[in-house]
Amino acid sequence: MQRLNDVHELRRWREQVRREECLVGFVPTMGALHAGHASLLERSSRECERTLLSIFVNPLQFNDPQDFARYPQTLEADLEIAARTGVDAVFLGRRDDLYPAGFQSFVEPRGCALPLEGEHRQGHFAGVATIVLKLLSLAQADRAYFGEKDWQQLQVVRALVLDFHLECEIVPCATLRESDGLALSSRNTRLDPAARRNALAISRALGAAARAYAGGARDRARLEAEMQRVLSQTRSVEVEYAVVADAQTLEPWAGPPRAPRALIAARVGGVRLIDNAALDEPPVGPLEL
Ligand code: AMP
């Protein structure tokens, strides 16, 4: 596995792989890798001849400086996971390399980037879209793998690729969960045991909405009330939003035939968590609980 320490080394690696005419898969991350990231890397390794992983905690997408300062960094463990999942090259992003002095161009996504996370985390998606555009331009990958765990981000990235005519296929990957339902997240390591238990309210609420939908409920207010009911059973969960949105536009769901997506953001024990689920697909795995 090759370590690429700057943009220049990444470009050189890409040129060499182009000469070999290999299909390249790309998995951008902020490190602190867990089994969710590993599932993306394994899928890329299975489907592509070369897999590129990037690790960069992008300061631009953090609206909360505390959250940025506390973001876990576990480089040695990350490199082990990368080696185990068949990664060929890992790009280790550096702030002074990706945002050198004088950096002045930013992407400002609209549409599906405006509601929900867009409202609650000012500037977040501008940071995401800017770094994703930079990384996709550098990686020149055939495919890039993104998790459905960050559903709204996935829609923002899809729009970005369309709007800027990028020649990269965006591959959505299912959310990996703990056996009790909690979606894997790098931020979970910051949950103390009580918060870890309380955080289950989120996946339970999504499961309740999915069951109500499967039982015939098609009224958005009723589905959202069902999520609120479950969330309010755990007092220490501070809900930022718990909504049923149009899966593509992220605007309030207007009913069939548009696809409904239930999305929740909540603070548990000082840690902000997000999760989501499709309502029109049978709930699988731990969400059945
Ligand atoms: P992050 O390092 O949090 O920016 O995540 C990097 C990629 O991994 C993003 O595309 C995430 O959506 C994806 N990801 C994060 N958690 C999970 C999970 N539990 N299951 C599947 N993909 C995930």
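Analyst: In this predicted model, a backbone N or O atom of Gly-147 lies 2.9 Å from an oxygen atom of the ligand.

User: How far is a polar side-chain atom of Asp-150 from an oxygen atom of the ligand?

Analyst: Asp-150 is one of the residues that come nearest to the ligand, and here the side chain supplies the polar atom. The side chain of His-37 also has an N or O atom 3.1 Å from a ligand oxygen. For Asp-150, the separation from an oxygen atom of the ligand is 2.6 Å.

User: How many residues of domain 2 are in contact with domain 1?

Analyst: The domain assignment places residues 2-173 in domain 1 and residues 186-281 in domain 2, and the C-alpha centres of the two domains lie 26 Å apart. Between them the domains bury about 1800 Å², with 49% of this area on carbon and sulfur atoms. On the side of domain 1, 21 residues take part in the contact, and in domain 2 the number is 19.

User: How many salt bridges does the rule find across the interface of domain 1 and domain 2?

Analyst: A salt bridge needs a side-chain nitrogen of Lys or Arg within 4 Å of a carboxyl oxygen of Asp or Glu. A search of the whole structure gives 17 salt bridges, while across the interface of domain 1 and domain 2 the number found is 4.

User: Which helix gives the most residues to the side of domain 1 that touches domain 2?

Analyst: There are 10 residue pairs in polar contact between the two domains. Helix H6 (117-120) and helix H8 (151-163) each supply at least two residues to the side of domain 1 that touches domain 2. With 3 residues, the helix that gives the most is H8.

User: How many residues apart in sequence are the parts that Glu-117 and Arg-272 tie together?

Analyst: Glu-117 forms a salt bridge with Arg-272, in which the closest N and O atoms are 2.9 Å apart. Because Glu-117 lies in helix H6 and Arg-272 in strand E9 (residues 271-278), the pair ties together parts whose separation in sequence is 155 residues.

Note on methods: Residues numbered from 1 in each chain as written. Predicted model: local features only at pLDDT ≥ 70, side-chain atom pairs only at ≥ 80, totals over all residues. Heavy atoms only, no water. Domains from an automatic or database assignment. Contact = heavy atoms within 4.5 Å. Buried area = accessible area lost by both parts, 1.4 Å probe. Polar contact = N/O pair within 3.5 Å; in protein donor to acceptor, adjacent residues only side chain to side chain. Helix = DSSP H or I, 4+ residues; strand = E, 2+ residues; numbered from the N terminus. Near = heavy atom within 4 Å.
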